[in-house]
Amino acid sequence: MTADHVRLEGRAKVTGAARYAADRRPAGAVYGCPVPATIARGEVVAVDSDPVLADPQVLAVLTHRNAPRLGEADDPTLAVLQGARVAHRGQYVALVVAGTPEAAEQGAARLRVEYAPEPHDVALVEGHPGTYAPELANGGHPADRLRGDFDTAYAAAAIRLDATYRTGPLHNHPMEPHASTAQWDGDRLTVHDSSQGGHGVRRALAALFGLPEEHVLVVNEHVGGGFGAKGTARPNVVLAAMGARAVGRPVRLALPRAHLAAVAGHRAPTVQRVRLAAGPDGRIEALAHEILTRSSTLKEFVEQAAVPARVMYRSPVSRTTHRVVRQDVPTPSWMRAPGECPGMFALESAMDELALACDLDPVELRLRNEPETEPDSGRPFSSRHLAECLREGARRFGWAGRDPRPGARREGRLLVGTGVAASTYPVLIAPSAAELRAEPDGTFLVRVNAADIGTGARTVLALVAAEALAVPVERVRIEIGRSDLPYGSVAGGSSGTSSWGWAVHEAASRLRERLARGAAVPPEGLSVRADTRELVGRGAEFARHAFGAQFAEVQVDADSGEVRVRRLLGVFAAGRILNARTARSQFVGGMVMGVSMALLEESTMDPLFGDHAERDLASYHVAVNADVPDVRAHWIEERDAHVSPLGSKGIGEIGIVGTAAAVANAVHHATGIRVRELPVTSRQML
Ligand code: MOS
């Protein structure tokens with residue numbers, strides 16, 4: 001049964017009662033503003049702090065010379081102010097702490113930093129001499145997988161496609177920029193941090209400041225989006241804690257949006273060569289997907305864009321590889337469906353090209369290449385309803401009778417076309433813990449360190465508890481977003497609901513059993529804790545993925561080249577949908593972000609300065625209401641016994657996967673112009 005429940009915190013959010021990290025003003029709080037490097041590579045040789053310290057409002061200027069020494073960081077991007085080296089433009093070289101936000105900002109702007117710059121290398125080009133084969137790609141996937149003799153099979157095939165696709169760097173830009181408020185009480189540290197995972201931030205801060213984890217409290221009660229950029233601790237929380245220790249007062253540090261592009265991660269650019277060989281019937285005989293991407297000199301991050309090609313289509317022979325080059329650029333990281341999102345733009349565009357080459361309908365081509373088992377591993381699928389998504393989507397969209405010829409449909413100046421693409425996202429589940437307490441007044445309290453980043457997690461977990469307890473959700477209260485609650489995994493990888501929900505379900509089921517057996521509820525309540533560490537490995541003998549299909553209709557103005565999406569329809573098979581209202585919002589949100597990627601989002605690497613040129617929402621364009629007139633999301637009632645007792649697969653990311661390809665394929669259908677480099681703009685149409 002699918003619930004349809006409004007967000008529990010919706011009222012608090014729209015009335016302004018909800019408190020975010022930067023809303024916290026502990027007594028005596030002061031303000032921090034970091035100073036970004038203005039060179040892309042080199043060293044800080046001098047910092048002239050005196051003129052800034054002359055302002056009586058300024059309390060401290062921290063640089064690598066006087067900042068507290070930090071312990072070993074797992075994440076090198078968190079070793080802030082620990083040395084003179086500058087690894088990329090925008091990396092922090094100082095922190096100004098002052099009595100007002102304005103004084104901190106002004107001090108940061110006035111601080112004179114002298115550098116010894118070195119030539120930088122920021123252009124991602126094929127054949128770069130620094131290119132190497134990493135061992136693993138993001139997500140722990142082997143970088144290379146080779147099955148059979150690709151070259152021979154490819155050369156022997158009747159129909160061959162060889163195309164290179166490019167995606168540029170993209171930035172997450174959550175509505176709420178990163179912010180932290182930090183406060184020390186002796187050797188205990190409390191931070192309010194805008195984060196997708198409080199326990200991860202706690203672990204990082206404990207290691208950096210040499211504290212037992214129990215001495216660090218991370219609060220993230222409300223989070224205004226993240227899309228992966230807040231999946232790990234960021235320099236802002238480290239600097240807030242550092243600043244607070246240095247001045248002996250609480251420090252609030254809210255990053256200006258202009259800083260995010262350099263210090264909060266981004267989607268790495270890719271160059272993707274796809275080769276598909278098929279028989280005249282469209283059956284794939286050989287598949288190669290080869291990725292070139294880049295990371296920073298600080299840290300290896302390999303966008304796993306060839307991984308979905310290991311899951312999608314039957315092919316007796318395949319080659320999927322990742323190559324990377326480390327450059328003087330900001331460190332890339334997770335952005336909504338890392339790997340699957342850019343990878344499926346290329347693969348699903350290539351499938352569209354192959355359909356034309358085989359003279360087959362693109363839905364039919366995909367159906368003909370449905371695998372029996374996961375192509376790369378041979379494991380059986382726990383469930384796979386891609387064919388159903390394609391058929392149901394085609395029916396709802398009105399695909400039948402489509403004239404396949406590009407440019408055939410014209411409405412005055414407008415060229416109109418339709419396109420389809422498939423989507424996939426893995427089922428990821430992490431260990432979590434939860435506590436369920438029966439209160440003497442007949443209500444129940446759920447305690448779990450989940451993070452609700454706008455997904456509706458709080459609401460869904462209350463529904464999971466209510467269902468397991470067999471009580472109305474109105475009798476359930478929930479506490480999330482504090483690291484002193486039972487351990488919760490990160491709100492990332494579309495894993496939150498299944499991971500926290502499994503623990504909540506387990507604790508609630510046990511509590512219900514105890515109550516059914518007549519357990520009394522004492523005045524302090526009756527508590528049950530569950531931990532899924534021993535449970536989450538179950539089902540791993542299956543290939544577990546969600547699937548979907550997106551259909552797009554676009555119009556292209558033949559005179560101006562303007563491209564607009566008219567409608568977008570997605571059908572998903574993502575296991576059990578627990579709450580229709582918030583699930584639809586996730587699917588639609590993902591698809592809107594996919595339209596944004598297809599038509600608007602573009603970060604350009606400035607070769608001279610060596611950083612991303614777009615640093616605000618006036619220059620980094622994201623889709624707004626007028627860009628997405630009609631977006632619909634549907635799902636198939638899918639039962640999957642091999643994922644978790646909840647049966648849910650994860651829905652946060654799959655909506656973006658495939659959308660950009662569906663749009664680009666529709667643009668080709670409208671105009672005959674194949675765009676292999678995003679975004680699709682009027683430039684390529686004229
Ligand atoms: Mo998502 S990129 O796993 O936060």
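Me: Two residues are in contact if their C-beta atoms, placed from the backbone, lie within 7 Å. Leaving aside its neighbours within four places in sequence, which residues is Leu-526 in contact with?
Reply: Arg-437, Ala-438, Ala-519 and Val-521 are the contacts of Leu-526 once neighbours within four places in sequence are set aside. This is a predicted model, where local features need pLDDT of at least 70 and side-chain atom pairs count only at pLDDT 80 or more, while totals for chains, interfaces and linings use all residues. Residue numbers start from 1 along each chain as its sequence is written.

Me: Why is Leu-526 called partly exposed?
Reply: A residue is buried if 20 or more other C-beta atoms lie within 10 Å of its own, exposed if 12 or fewer, and partly exposed in between, with C-beta atoms placed from the backbone. Leu-526 has 17 other C-beta atoms within 10 Å, so it is partly exposed. Leu-526 is placed in strand S23 (residues 526-531); strands (E, at least two residues) and helices (H or I, at least four) are DSSP runs, numbered from the N terminus.

Me: Why is H8 called largely enclosed?
Reply: Of its 19 residues, 17 are buried, so H8 is largely enclosed by the rest of the structure.

Me: What makes S9 and S10 edge strands?
Reply: Two strands pair if DSSP finds at least two bridges between them. The open sheet runs in the order S9-S17-S16-S15-S10, with mixed pairing. S9 (145-147) and S10 (159-167) each have a single partner strand, so one side of each is left without a neighbour in the sheet. Neighbouring strands are turned by 15° against each other on average, direction ignored. H8 packs on this sheet, touching S10, strand S15 (270-278) and S16, and its direction makes about 150° with that of S10; such angles run from 0 to 180 degrees between N-to-C directions, the axes being lines fitted to C-alpha atoms, for helices over the stretch in contact.

Me: How do you know that S16 and S17 pair?
Reply: The definition asks for at least two bridges, and 10 bridges join S16 (residues 284-296) to S17 (residues 318-327), which run parallel. Therefore S16 and S17 count as paired. Leu-292 stands opposite Arg-323 in S17.
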